Amino acid sequence: MYKRVFAALLALMLCVSLTGCAKKETKSVSFFAMDTYITISVTCEDAQAALDWAQALVEANEKKWSTTLSDSLVSRLNAGEKEALDADTARLLRRAEEMRAYTDGAFEPGIYPLVKAWGFTTGEYRVPLDGETAELLRQVVPDNVRTENGETFLSGGMIDLGGIAKGMTGDMLTEGLKQRGVDSALINLGGNVQALGAKPDGSAWRIGIQSPYDDSVMCVVSVKNKCVITSGAYERYFVGEDGQVYGHIISPFTGRPVSNGVASVSVIAEEGAMADALSTALFVMGEQAALDFWRAHEGFDLVLLTDGGTLYVTEGIWNDLTKRSNGAVKQVCEIKR
Ligand code: ADP
Ligand code: MG
């Protein structure tokens with residue numbers, strides 16, 4: 001009798017323990033959205049369901065936040081319409097404004113008139129005349145998002161969230177995946193890499209930072225629960241009739257594509273929206289101002305490559321960085337506070 005009860009209990013325990021830790025699987029998905037190639041990989045029980053949710057979120061955000069889609073929420077705001085905002089868009093606009101203030105205007109959500117004039121929204125690139133640039137700079141209206149009676153509109157100018165939307169999307173993905181029980185995921189939104197937790201084996205994710213000149217990797221950083229977000233002029237640029245290279249990050253101070261001796265800057269931090277906006281802003285600031293900004297602020301690390309081939313690495317990430325032999329890098333310098 002006891003034997004039989006014992007056997008039944010044992011069988012029950014085995015059953016509970018088996019269903020209690022159903023098998024985890026690793027799956028990934030790649031697709032094109034937000035103007036870039038996206039790869040998301042997750043390790044959890046129903047990996048396909050998590051990936052389906054993640055892809056749908058990226059596509060929904062693109063529909064709301066793109067400036068190239070004429071019926072997106074941002075395009076409608078830019079056309080002067082009033083809109084009732086969803087909570088995510090309200091959060092994105094608030095964070096964009098906070099980052100403008102934090103970077104003293106180097107990150108400027110109101111940059112859209114200039115991005116458009118130089119042809120980066122359509123691919124019909126052109127170099128505006130100096131007089132036109134000065135007029136366009138007057139159309140950049142900082143802090144222009146207003147909300148009255150539950151409706152949001154722009155008090156002037158137009159907005160472009162291309163320098164922060166992918167970072168915010170990465171934050172929403174890591175938060176949502178965590179809620180779905182995922183504790184290990186890697187999200188790559190075209191060079192914006194966000195790591196949730198560690199690799200399935202518990203070790204740190206190893207994230208390659210690309211050379212600005214080709215597809216090769218110039219260094220690898222090891223991180224857990226952090227993002228590595230890079231800005232450079234090499235992803236989207238055109239060569240003018242004058243032979244000059246014009247990149248897609250525009251200085252809100254000169255109205256011209258940034259060309260200041262910085263080849264690429266990567267920000268390593270916990271929050272994607274912050275790291276994304278910051279990488280754009282530090283690229284605008286230039287080598288010395290970017291390093292000074294790092295010294296004056298906490299909460300992030302930098303890997304900054306100059307046109308001359310110096311790779312500056314701030315002290316917080318120094319021990320977690322492995323340099324690869326790469327023609328883009330002539331010397332590596334640790335930056336301390
Ligand atoms: P990517 O989107 O290629 O990863 P960034 O995050 O640096 O690169 O964002 C660049 C985009 O941000 C540009 O394509 C443009 O839409 C927008 N942008 C350009 N200059 C600025 C600026 N000074 N401040 C804020 N956004 C900018
Ligand atoms: Mg950015």
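This is a predicted model: local features need pLDDT of at least 70, side-chain atom pairs count only at pLDDT 80 or more; totals for chains, interfaces and linings use all residues.
**Conventions.** I number residues from 1 along each chain as its sequence is written, and chains are lettered from A and ligands numbered from 1 in the order in which they are written. Local features need pLDDT of at least 70, side-chain atom pairs count only at pLDDT 80 or more, totals for chains, interfaces and linings use all residues, and side-chain values use heavy atoms, with hydrogens and water left out.

**Entry 1: the shell.** I found 19 residues around ligand 1, each with a heavy atom within 4 Å of it. Asp160, Ser231, Glu235, Ile250 and Thr280 are the closest. By type, the shell holds 7 nonpolar, 6 polar and 6 charged residues; Gly counts as polar, and Asp, Glu, Lys and Arg count as charged. Helix 8 (residues 272–285) gives the largest share, 3 residues; a helix here is a DSSP run (H or I) of at least four residues.

**Entry 2: polar contacts.** I then looked up pairs of N or O atoms within 3.5 Å. A nitrogen atom of ligand 1 lies 2.8 Å from a polar backbone atom of Ile250. A backbone N or O atom of Ala106 is 3.1 Å from a nitrogen atom of ligand 1. The side chain of His248 places an N or O atom 2.9 Å from an oxygen atom of ligand 1. The protein covers 97% of the 570 Å² of accessible area that ligand 1 has on its own (Shrake-Rupley method, 1.4 Å probe).

**Entry 3: Ser184.** I located Ser184 in strand 5 (residues 184–189), a DSSP run (E) of at least two residues. Ser184 counts as buried because its relative accessibility is 4%, and buried means under 20% (1.4 Å probe, protein chains only). Its side chain reaches the backbone oxygen of Ala198 at 2.8 Å.

Methods:
A polar contact is a pair of N or O atoms within 3.5 Å; within protein, one must be able to donate a hydrogen and the other to accept it, and residues adjacent in sequence count only if both atoms are side-chain atoms. Buried means under 20% relative accessible area, exposed over 50%, partly exposed in between (1.4 Å probe, protein chains only).
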